[in-house]
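Subject: Handing over a structure, with notes

Dear colleague,

I am passing this structure on to you, and my notes on it follow below. Please read them with the structure open beside you.

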Amino acid sequence: MERFVEGNRAALQDHVRRHQEIHVVMGNEACDLDSTVSALALAYFLAKTSPAPRAAFIPVLNIPRADFALRTETTFLLREQGIPATSLIFRDEIDLGGLHRAGLLSLTLVDHHVLPGADAALEEAVVEVLDHRPLDQDRAPHCQVTVELVGSCATLVTERIAQGPPGVLDRPTAALLHGTILLDCVNLSPAAGKVTPRDVACVSLLEERFPDLPARDAVFEALQTAMFDVSGLTTEQMLRKDLKVLSSDELLLAISAIYMDLETFLRRPDVLQDLDAFCQARGYAGLVAMSISFSERLEPSRQLAVYSRHETLRSTVCQALEEATAPALQLQPLPSPWSCLATYTQGNTWASRKKVQPILQAALGGPSPARGLEEEVVPPPTPMNSLVDECPLAQTVPPLCPQDVLERVSRIAAGQPPSSPK
């Protein structure tokens with residue numbers, strides 16, 4: 001894997017010069033650990049096994065290079081496996097449109113299957129999709145589609161590699177896939193509502209192939225610590241790390257997830273000036289900061305802050321949040337050091353940002369036809385994680401007790417169909 005990644009840039013340049021096919025494997029715009037590792041591992045596998053020897057298989061991280069530092073769990077795991085960031089290729093370092101117009105581009109999408117509007121011209125270059133979300137649109141007949149409701153796209157990549165020739169899977173690739181599935185599936189905890197028997201089976205398979213992989217608990221705790229480690233980020237980077245923006249016809253309202261308790265965040269040096277500068281530079285009329293932190297037992301704690309120099313907007317947003325019933329946030333006011341900032345504890349810790357967004361959008365007067373939510377994500381947020389946002393699989397996969405998981409994995413390993421949930 002290390003040599004493959006280090007040779008990507010030279011391979012890309014060589015194939016452009018020779019006018020030969022370039023097969024890009026690319027994750028979604030949020031570029032979390034799952035998207036990154038799925039792109040790297042699948043591109044590596046295709047390069048080792050493809051019957052098209054003249055093609056260059058290039059994994060592309062679908063964010064600008066400048067945003068990579070915000071993906072702290074990804075930078076940590078790649079660094080642990082000896083993959084330097086300097087060898088990676090980011091979206092702002094490759095001209096996909098130009099390659100497509102030149103007839104050189106083939107595109108495989110991992111961890112998503114719908115290109116954003118800005119990339120609509122690339123649709124006809126898509127030859128394969130590998131995703132773990134429900135299919136939102138049909139693909140062209142020539143496109144190979146694998147869409148399965150598992151907890152992590154890395155599970156599907158692991159299955160694909162396991163079905164290939166022996167010897168392709170090396171330890172660094174196994175460690176990347178192993179860590180990604182564990183983080184995505186909350187250490188395979190059934191209580192989180194995200195893990196499926198196939199995720200469990202793939203983690204077990206990787207551990208059987210490479211018995212020296214670290215213990216699951218150690219891997220998960222290290223990645224979770226890295227994910228929530230914002231100690232090396234500026235306040236501006238923290239606000240951008242997981243940012244969404246809502247709009248009305250008159251204004252923009254930012255929503256940032258903050259991975260520390262609110263009191264600690266507000267003690268950062270010059271934080272009020274940083275909030276002012278962040279909003280003024282981007283034209284935001286206000287900002288809602290949703291703080292989340294966890295106890296040693298992974299019990300979540302949430303606080304919420306509403307910042308705006310516009311008193312009317314601040315009062316409108318605060319009233320909407322305080323009076324919300326679907327869901328009720330159970331807000332309790334906290335003392336605030338500044339009049340332009342309202343702060344709360346949030347008693348309903350299961351009310352994620354996904355639940356709060358509609359409340360805020362309604363307070364702004366509903367979605368704007370000119371500038372909808374998806375167009376206002378700058379940069380794309382860290383994707384939904386079951387620790388931070390509601391997991392879609394929690395609604396489609398029944399909760400499993402540990403005995404159910406072990407029974408189903410055993411049946412799969414024995415080549416038997418899994419029993420139906422009780």
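In this predicted model, six strands form an open sheet of mixed pairing, and their order is β6-β7-β8-β9-β11-β10; helices (H or I, at least four residues) and strands (E, at least two) are DSSP runs numbered from the N terminus, and two strands pair if DSSP finds at least two bridges between them. At the edges of the sheet stand β6 (243-247) and β10, each of which pairs on one side only. On average, and with direction ignored, neighbouring strands of this sheet are turned by 25° against each other, where axes are lines fitted to C-alpha atoms, for helices over the stretch in contact, and angles run from 0 to 180 degrees between N-to-C directions. The pairing of β6 with β7 (residues 252-258) is antiparallel and extends over five bridges, and Ser-247 stands opposite Leu-252 in β7.

Two helices lie across these strands. Helix α13 lies across β7, β8 (286-294), β9 (300-307), β10 and β11 (341-346), and runs at about 150° to β9, contact here meaning heavy atoms within 4.5 Å. Helix α14 (residues 353-363), for its part, lies across β6, β7 and β8, at about 20° to β6.

A note on conventions belongs here: residues are numbered from 1 along each chain as its sequence is written, and side-chain values use heavy atoms, with hydrogens and water left out. As the model is predicted, local features need pLDDT of at least 70 and side-chain atom pairs count only at pLDDT 80 or more, whereas totals for chains, interfaces and linings use all residues.

Turning to charged side chains, a search of the whole structure finds 19 salt bridges, a salt bridge being a side-chain nitrogen of Lys or Arg within 4 Å of a carboxyl oxygen of Asp or Glu. One of them joins Arg-9 to Glu-93, with the closest N and O atoms 3.4 Å apart. This pair links distant parts of the chain, since Arg-9 belongs to helix α2 (residues 8-18) and Glu-93 to the loop between α4 (72-80) and α5 (96-101), 84 residues apart. Arg-9 counts as partly exposed because its relative accessibility is 28%, the terms being buried for under 20% relative accessible area, exposed for over 50% and partly exposed in between (1.4 Å probe, protein chains only). Glu-93, at 29%, is also partly exposed.

Another salt bridge connects Glu-207 with Arg-216, whose closest N and O atoms are 2.8 Å apart. Glu-236 is partly exposed at 29%, whereas Arg-240, at 14% relative accessibility, counts as buried. Salt bridges with shared partners join Asp-67, Glu-236, Arg-240 and Arg-282 into one network.

Lastly, some backbone details deserve a look. Most residues other than glycine have a negative phi, and most peptide bonds are trans. Asp-111, although not a glycine, has a positive phi of about 65°; it sits in the loop between β3 (105-110) and β4 (126-131) and is buried, at 1% relative accessibility. Val-186, likewise not a glycine, has a positive phi of about 50°. The peptide bond from Ala-326 to Pro-327 is cis, with omega near 0°, and Pro-327 is found in the loop between α13 (311-323) and β10 (331-334).
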